[in-house]
Amino acid sequence: MPTRRNKEKFQQLTEFERGRIIGLREGEFSYRAIGARMQRNSSTVMRVWKQWTDVTEQLKILVVDDGR
């Protein structure tokens with residue numbers, strides 16, 4: 001009988017959870033503290049924060065370019 005792999009089950013973050021991570025980070029909570037509070041890995045929290053800051057930086061550049 002073939003062996004089956006144990007598949008890890010990942011749970012996607014909801015938009016609410018992403019917003020909560022961003023809000024807590026803006027409130028100066030550490031990545032580790034946010035991860036513990038939301039029962040998520042701190043690397044997940046870091047990834048969400050990096051995505052958010054990258055998008056906001058791009059939007060700032062677009063706004064400055066359009067404001068000539």
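Which residue lies over the face of Y31? It is R25, placed at 4.0 Å from the ring centre. The charged end of R25 also sits over the ring of W49, 5.9 Å from its centre. A charge is taken to sit over a ring when NZ of Lys or CZ of Arg is within 6 Å of the ring centre and within 35 degrees of the ring normal.

The model is a predicted one, so local features need pLDDT of at least 70 and side-chain atom pairs count only at pLDDT 80 or more, while totals for chains, interfaces and linings use all residues. Residues are numbered from 1 along each chain as its sequence is written, and side-chain values use heavy atoms, with hydrogens and water left out.

On to the overall layout. The chain has 3 helices and 0 strands, and its elements run α-α-α from the N terminus on. Helices here are DSSP runs of H or I with at least four residues, strands are runs of E with at least two, and numbering starts at the N terminus. Of the 68 residues, 19% count as buried; buried means under 20% relative accessible area, exposed means over 50%, and partly exposed is in between (1.4 Å probe, protein chains only).

The structure holds 4 salt bridges, each being a side-chain nitrogen of Lys or Arg within 4 Å of a carboxyl oxygen of Asp or Glu. One of them joins R18 to E15, with the closest N and O atoms 4.0 Å apart. R18 and E15 are 3 residues apart in helix α1 (residues 15-26), which means that about one helical turn separates them. R18 is partly exposed at a relative accessible area of 23%, whereas E15 is exposed at 64%.

Another salt bridge brings together the side chains of R40 and E17 (3.3 Å, N to O). Because R40 lies in the loop between α2 (31-38) and α3 while E17 is in helix α1, this pair ties together parts that are 23 residues apart in sequence. R40 counts as buried at 18% relative accessibility, and E17 is buried with a relative accessible area of 18%.

E57 and K60 sit 3 residues apart in helix α3, so they are separated by about one helical turn. E57 is partly exposed, with a relative accessible area of 42%, and K60 counts as partly exposed at 49%.

V55, L59 and L62 form a nonpolar patch with about 270 Å² of accessible area together. Patches are made of residues with over 30% relative accessible area and no salt bridge, with like charges joined within 9 Å and nonpolar side chains (Val, Leu, Ile, Met, Phe, Trp, Tyr) within 5 Å. L59 lies in helix α3 (residues 42-66) and is partly exposed, with a relative accessible area of 48%.

Conventions. Areas by Shrake-Rupley, 256 points an atom, 1.4 Å probe, with all protein chains shown as cover.
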